[in-house]
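Hi,

Here is the structure I promised to send over. Have a look at it first, and then read on for my notes on what turned up.

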Amino acid sequence: MNKCLISNNIRRLRFMSNEMTQQELADRTGVTRQTIVAIENGKYSPTLELAFRIAHVFRLPLNEVFSYDVDNDPVLKKKK
Amino acid sequence: MDQKERQIVVTLICSVITIGLYVLYVYQKQVAGNSAILDDFRFWGKSFLWLIPVAIVAQIVIHIIYAIINRIITNEDIPIVDDERDRIIELKSIRVSHWIFTSGFICAMGVLAFGAKPSAMFLILFSSGFGASIISELIKLYYYRRGV
């Protein structure tokens with residue numbers, strides 16, 4: 001469920017970084033291209049380590065690459 | 001279907017064919033017309049021990065053939081290194097296959113406890129091991145397609 005709450009701008013950021021390919025980003029972050037595809041499509045939430053590595057490649061803070069839909073988090077909603 | 005998914009399908013097909021042919025071979029060579037051998041512990045020991053190298057060699061050969069065909073058709077290399085997503089999916093599938101095999105093991109011991117022949121125990125053990133490996137691959141395929 002949580003994976004739907006995390007979104008990212010990787011596709012847009014790749015485009016803005018001289019149209020970086022998925023393979024290039026995968027090589028620079030030490031994962032396979034399939035993992036980058038899965039992250040872009042919202043099918044996989046990366047570990048913090050990988051998320052930081054991706055943000056580092058784009059030279060941006062983490063929250064500009066990934067965002068979390070706090071309002072729809074069921075755990076946080078329950079505690080309100 | 002991406003590389004990993006294709007590899008899983010190849011592994012699945014290879015497992016089914018290898019085990020199927022091996023069981024058929026053992027049945028025709030040793031069991032047909034001599035069903036008493038099913039209660040011989042040496043027969044089961046040898047069959048299980050031989051199955052391990054046969055399955056490993058078959059998997060290696062089929063994956064090499066697959067890698068060559070894949071390279072010719074797609075001009076893409078198969079990723080050798082597993083990353084964090086692969087490892088998470090692997091862990092999830094191992095967990096399920098572990099439970100399936102454990103259930104099979106308990107059933108196998110159960111039938112022994114209820115006085116069934118040793119062949120029943122070995123058949124259940126073999127089936128649960130085979131089932132666990134097949135379901136483990138199917139679980140991987142499910143997670144690769146649906147997402148983790």
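A word on naming before anything else: helices here are DSSP runs of H or I with at least four residues, strands are runs of E with at least two, and both are numbered from the N terminus. Please also keep in mind that this is a predicted model.

With that naming, I can start with a loop in chain A. E19(A) sits between α1 (10-16) and α2 (22-29) of chain A. Its backbone is worth a glance, as E19(A) has a positive phi of about 50° without being a glycine. For context, most residues other than glycine have a negative phi. E19(A) has 8 other C-beta atoms within 10 Å, so it counts as exposed.

There is a second case in chain A. R59(A), also not a glycine, has a positive phi of about 55°. R59(A) belongs to the loop between α4 (48-57) and α5 (62-65) of chain A. Because R59(A) has 9 other C-beta atoms within 10 Å, this residue is exposed too.

Which residues make up the largest nonpolar core? It has 10 residues, namely I10(A), L25(A), V31(A), I36(A), A38(A), I39(A), Y44(A), L50(A), I54(A) and A55(A). The elements that give two or more residues to this core are α3 (33-40) and α4 of chain A. Apart from it lies another core, of 6 residues, with I8(B), I139(B), L141(B) and Y144(B) among them.

Another packing to look at in chain A is that of α2(A) with α4(A). Their axes are 10 Å apart and the angle is about 120°, so the two helices are oblique to each other. The crossing of α2(A) and α4(A) is right-handed. On the α2(A) side the contact is made by L25(A), R28(A) and T29(A), and on the α4(A) side by L50(A), R53(A), I54(A) and V57(A). By class, the residues of this contact are 4 nonpolar, 1 polar and 2 charged.

Now to chain B. Its secondary structure comes to 4 helices and 0 strands, which read along the sequence as α-α-α-α. The C-alpha trace of chain B spans about 55 × 30 × 20 Å along its principal axes. Of the 148 residues in chain B, 14% are buried. Among contacts in chain B between residues at least 6 apart in sequence, 73% join residues at least 24 apart.

One helix pair in chain B is α1(B) with α4 (residues 118-146). These pack at an angle of about 165°, with their axes 9 Å apart, and are therefore roughly antiparallel to each other. The crossing of α1(B) and α4(B) is left-handed. From α1(B) the contact takes K4(B), E5(B), I8(B), T11(B), L12(B), S15(B) and I19(B); from α4(B) it takes F130(B), S133(B), I134(B), E137(B), K140(B), L141(B), Y144(B) and R145(B). The residues of this contact divide into 7 nonpolar, 3 polar and 5 charged.

Last, how many residues does each chain bring to the contact between the two? Chain B gives 9 residues and chain A gives 10. On the chain B side, the elements that give two or more residues are α1 (3-31) and α3 (84-113). That side of chain B has 2 nonpolar, 2 polar and 5 charged residues.

Best wishes

Methods:
Residues are numbered from 1 along each chain as its sequence is written. Chains are lettered from A and ligands numbered from 1 in the order in which they are written. This is a predicted model: local features need pLDDT of at least 70, side-chain atom pairs count only at pLDDT 80 or more; totals for chains, interfaces and linings use all residues. Two residues are in contact if their C-beta atoms, placed from the backbone, lie within 7 Å. Ala, Val, Leu, Ile, Met, Phe, Trp, Tyr, Cys and Pro count as nonpolar, Asp, Glu, Lys and Arg as charged, and the others, Gly among them, as polar. Axes are lines fitted to C-alpha atoms, for helices over the stretch in contact, and angles run from 0 to 180 degrees between N-to-C directions. Angles under 35 degrees count as roughly parallel, over 145 as roughly antiparallel, 65 to 115 as roughly perpendicular and the rest as oblique. A crossing is left-handed if the near helix is turned anticlockwise from the far one by less than a right angle, and right-handed if clockwise. A residue is buried if 20 or more other C-beta atoms lie within 10 Å of its own, exposed if 12 or fewer, and partly exposed in between; C-beta atoms are placed from the backbone. A nonpolar core is a set of buried Ala, Val, Leu, Ile, Met, Phe, Trp, Tyr and Cys residues joined through C-beta atoms within 7 Å.
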